[in-house]
Amino acid sequence: MHRSRQGNRMVKNPHASAIDFISNCEGAMRPLLLASVSIAALFIASEANAADLAVKAPRPMMVPAPVYSWTGCYVGAQVGWGWGHNQHHQPALVGGSGSGGSIRDFGGKVNSSGGLFGGQVGCNYQFASNWVIGAQGDIAGTDFNGRNDDPLALFFGTGNGTIAIKSDWLASATMRLGYTFYDNRAMFYVKGGGAWIHNIWDLHDAFAFYSPTILGETRSGWTAGAGFEYMLTQNWTAFVEGNYYNFGNGKLLEISPSDPAAFYSGKQTVETVKIGVNYKFGGDAPVVAKY
């Protein structure tokens, strides 16, 4: 309030109340203005930080390498080549008939060879980190063919007799034991078990007369082998292996209806080299990073 003195009397200023009101309002508004500015500044800063966070790319996640396992069952195909060694025997009466003659065994051998194509199925179990045990069955169509001179024809000097053989299928049921390396993707293994083969003997050109001239036999024996297998992916593998088969000493197949002779199959062994692929069911899928 402002007053002026006119004479001895106090005169009241008509603008004093307005000035005082404005001053009081300015004092009251100053804290509110400061608070508003502070809030606006915080809001702008938070928006800027949010924008910075939005444009920052997340850190890339490391993708672990796939884990390979041999455990599981599989099915596959194989091709290869085989070599057979097939002995035979022909006991025959020589030196006359009846008591004037003697029985002599004319033994011979026919080597055979040819291709094979087949398939296999099996299951493996991996244990103790690097060891694999498994069981496998396989069968292949074979074209092992061979022909050689008939020893009876050579003995009697005619030289125009031959004996032939064809093995048309080969099968086995084996156990496998392997050891893995190279990040568990490669495996050396050994195998062994039972084996079967089917032979067709052709005596059409034999020196002695036989009827029928085509004789079939199925033989059983054993096999042993070793191989190397590699995981192309977690489900596909490729392998190469060698096998030895032994089918024993054979049996009597036919007695000649007219000549004093008989035909026996003899000891038979086979070696094969195979390559092939397997598809393993199941298995761990590759690890994929997710963001």
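What percentage of the 291 residues of the protein chain count as buried? I find that 33% do, where buried means under 20% relative accessible area, exposed over 50%, and partly exposed in between (1.4 Å probe, protein chains only).

I note that this is a predicted model, in which local features need pLDDT of at least 70 and side-chain atom pairs count only at pLDDT 80 or more, while totals for chains, interfaces and linings use all residues. Residues are numbered from 1 along each chain as its sequence is written, and side-chain values use heavy atoms, with hydrogens and water left out.

**Entry: overall fold**

I looked up the secondary structure and recorded two helices and 11 strands in the protein chain. Both kinds of element are DSSP runs numbered from the N terminus (helices H or I, at least four residues; strands E, at least two). Along the sequence I read the order β-β-α-β-β-β-α-β-β-β-β-β-β.

I then looked up contacts, meaning heavy atoms within 4.5 Å. Among those in the protein chain with a separation of 6 or more, 69% are made by residues 24 or more positions apart.

For the surface, I noted that the protein chain exposes about 16,900 Å², of which carbon and sulfur atoms supply 64%. Accessible areas come from the Shrake-Rupley method with a 1.4 Å probe; for residues, only the protein chains shown count as cover.

**Entry: disulfide**

The bond joins Cys73 to Cys123, with an S to S distance of 1.9 Å. Cys73 lies in strand E3 (residues 72-94) and Cys123 in strand E4 (residues 102-127), so that the pair, 50 residues apart, links distant parts of the chain. The disulfide is right-handed because the torsion about the S-S bond of Cys73 and Cys123 is about 95°. I recorded a relative accessible area of 36% for Cys73, which is partly exposed; Cys123 is also partly exposed, at 36%.

**Entry: aromatic rings**

I looked for rings of Phe, Tyr and Trp (its six-membered ring) with centres within 6.5 Å; planes under 30 degrees apart count as stacked, over 60 as edge-to-face and the rest as tilted. The whole structure gives 14 aromatic pairs. One of them is the stacked pair of Tyr245 and Phe247, 6.1 Å centre to centre with 5° between the planes. Tyr245 is buried at 1% relative accessible area, and Phe247 is buried at 3%. I also noted a cluster in which ring pairs link Phe106, Phe155, Phe156 and Phe207.

Lastly, I looked for charges over rings (NZ of Lys or CZ of Arg within 6 Å of the ring centre and within 35 degrees of the ring normal). Arg176 lies over the face of Tyr189, at 4.4 Å from the ring centre.

How values were computed: A disulfide is a pair of cysteine sulfur atoms within 2.5 Å.
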